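Subject: Structure for your review

Dear colleague,

Please find below the structure that I am handing over to you.

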Amino acid sequence: EQGIVAQTLCGRPVPPESEGTTTYGALLRSYRFFLTREPARFTPALGALRRAVAADPECSLAWVQLSRLHVANHAFEVAPADTSIEQGLAFAQNAVRLDPSSQRARAALAFALLVKGENGAGRAEAENALALNPETFVYLETIGFLPSLLGEWDRGTALVRKATARNPHHLPNAHYALWADHLRRGEIDEAYQAALRY
């Protein structure tokens with residue numbers, strides 16, 4: 001999502017031969033949704049990923065993205081769809097089973113646990129994601145975002161700040177974590193600036 005390849009591909013139409021019929025096309029659809037946050041992109045991405053995991057059940061990344069869509073829809077009610085938190089959690093667990101060394105899969109699992117209210121398990125899974133590669137350049141803002149929302153504000157926001165300093169193409173949720181931290185501290189001007197950057 002952050003890299004030039006994904007952003008360039010997401011800026012182009014999905015090739016007609018892969019749209020909705022390949023794992024590649026389904027992943028591009030999900031990336032487009034998360035990059036744009038346009039509700040109209042949600043249902044096509046969800047359907048494409050459901051078909052992708054049925055056709056290619058060993059693809060961990062497809063399970064990660066399917067989990068992320070389920071959890072996002074459960075938490076934010078993007079579109080009317082059957083997307084329970086239990087399904088989102090099960091999909092993330094499957095992604096971790098398929099690729100235990102994937103930081104994205106571990107972060108998806110941590111987020112699903114957070115949204116479900118299993119904060120201890122979510123915190124442990126966020127730590128597992130970080131431990132895989134503490135100097136990661138990619139996804140560090142998400143890994144920092146999770147402990148922040150789980151109450152480890154100082155540690156989480158330090159990771160977020162490290163991520164934004166190192167990666168000019170970081171995901172926007174980094175600013176959300178900083179906004180929430182400033183807001184809880186009563187730092188209204190700083191919260192406002194973080195909200196604008198988000």
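A residue is called buried when its relative accessible area is under 20%, exposed when that area is over 50%, and partly exposed in between. By this rule Arg-185 is partly exposed, because its relative accessible area is 41%. Please bear in mind that the model is predicted.

Salt bridges

The structure holds 10 salt bridges. In one of them, Arg-185 pairs with Asp-154, and their closest N and O atoms are 2.9 Å apart. This pair links distant parts of the chain, since Arg-185 belongs to helix H10 and Asp-154 to helix H9, 31 residues apart. Asp-154 has a relative accessibility of 53% and therefore counts as exposed. Asp-154 and Arg-185 also belong to a network of salt bridges that includes Asp-181 and Arg-184.

A further salt bridge joins the side chains of Arg-155 and Glu-127, at 2.4 Å from N to O. Here, too, distant parts of the chain are linked: Arg-155 is in helix H9 and Glu-127 in helix H7, 28 residues apart. Are these two residues buried, partly exposed or exposed? Arg-155 counts as partly exposed, at 35% relative accessibility, and Glu-127 likewise counts as partly exposed, at 29%.

Arg-123 and Glu-152 form another salt bridge, with 2.7 Å between the closest N and O atoms. Arg-123 lies in helix H7 (residues 119-132), whereas Glu-152 lies in the loop between H8 and helix H9 (153-166), so the pair links parts of the chain that are distant, 29 residues apart. Arg-123 is partly exposed at 28%, and Glu-152 is partly exposed at 24%.

The largest pocket

The largest pocket holds about 670 Å³ of space. It is lined by 26 residues, and those closest to its centre are Arg-37, Phe-76, Phe-111, Phe-145 and Asn-173. What kinds of residue make up the lining? There are 21 nonpolar, 2 polar and 3 charged residues. At least two lining residues come from each of helices H2 (23-36), H4 (60-76), H6 (103-116), H8 (140-149) and H10 (173-185). H6 gives the most, with 5 residues.

A nonpolar patch on the surface

Leu-149, Tyr-176 and Tyr-198 form a nonpolar patch on the surface, and together they have about 280 Å² of accessible area. Tyr-176 is found in helix H10. Its relative accessibility is 32%, so Tyr-176 counts as partly exposed.

Yours sincerely,
Your colleague

Note on methods: Residues are numbered from 1 along each chain as its sequence is written. This is a predicted model: local features need pLDDT of at least 70, side-chain atom pairs count only at pLDDT 80 or more; totals for chains, interfaces and linings use all residues. Side-chain values use heavy atoms; hydrogens and water are left out. On a 1 Å grid over the protein atoms alone, a cavity is a set of points where a 1.4 Å probe fits but cannot get out, and a pocket is an open set with protein on both sides within 12 Å along at least five of seven lines; lining residues have an atom within 4 Å of a point. Grid points are joined across faces, edges and corners, and a volume is the space filled by probe spheres set on the points. Helices (H or I, at least four residues) and strands (E, at least two) are DSSP runs, numbered from the N terminus. Ala, Val, Leu, Ile, Met, Phe, Trp, Tyr, Cys and Pro count as nonpolar, Asp, Glu, Lys and Arg as charged, and the others, Gly among them, as polar. Patches are made of residues with over 30% relative accessible area and no salt bridge: like charges are joined within 9 Å, nonpolar side chains (Val, Leu, Ile, Met, Phe, Trp, Tyr) within 5 Å. Accessible areas come from the Shrake-Rupley method with a 1.4 Å probe; for residues, only the protein chains shown count as cover. A salt bridge is a side-chain nitrogen of Lys or Arg within 4 Å of a carboxyl oxygen of Asp or Glu. Buried means under 20% relative accessible area, exposed over 50%, partly exposed in between (1.4 Å probe, protein chains only).
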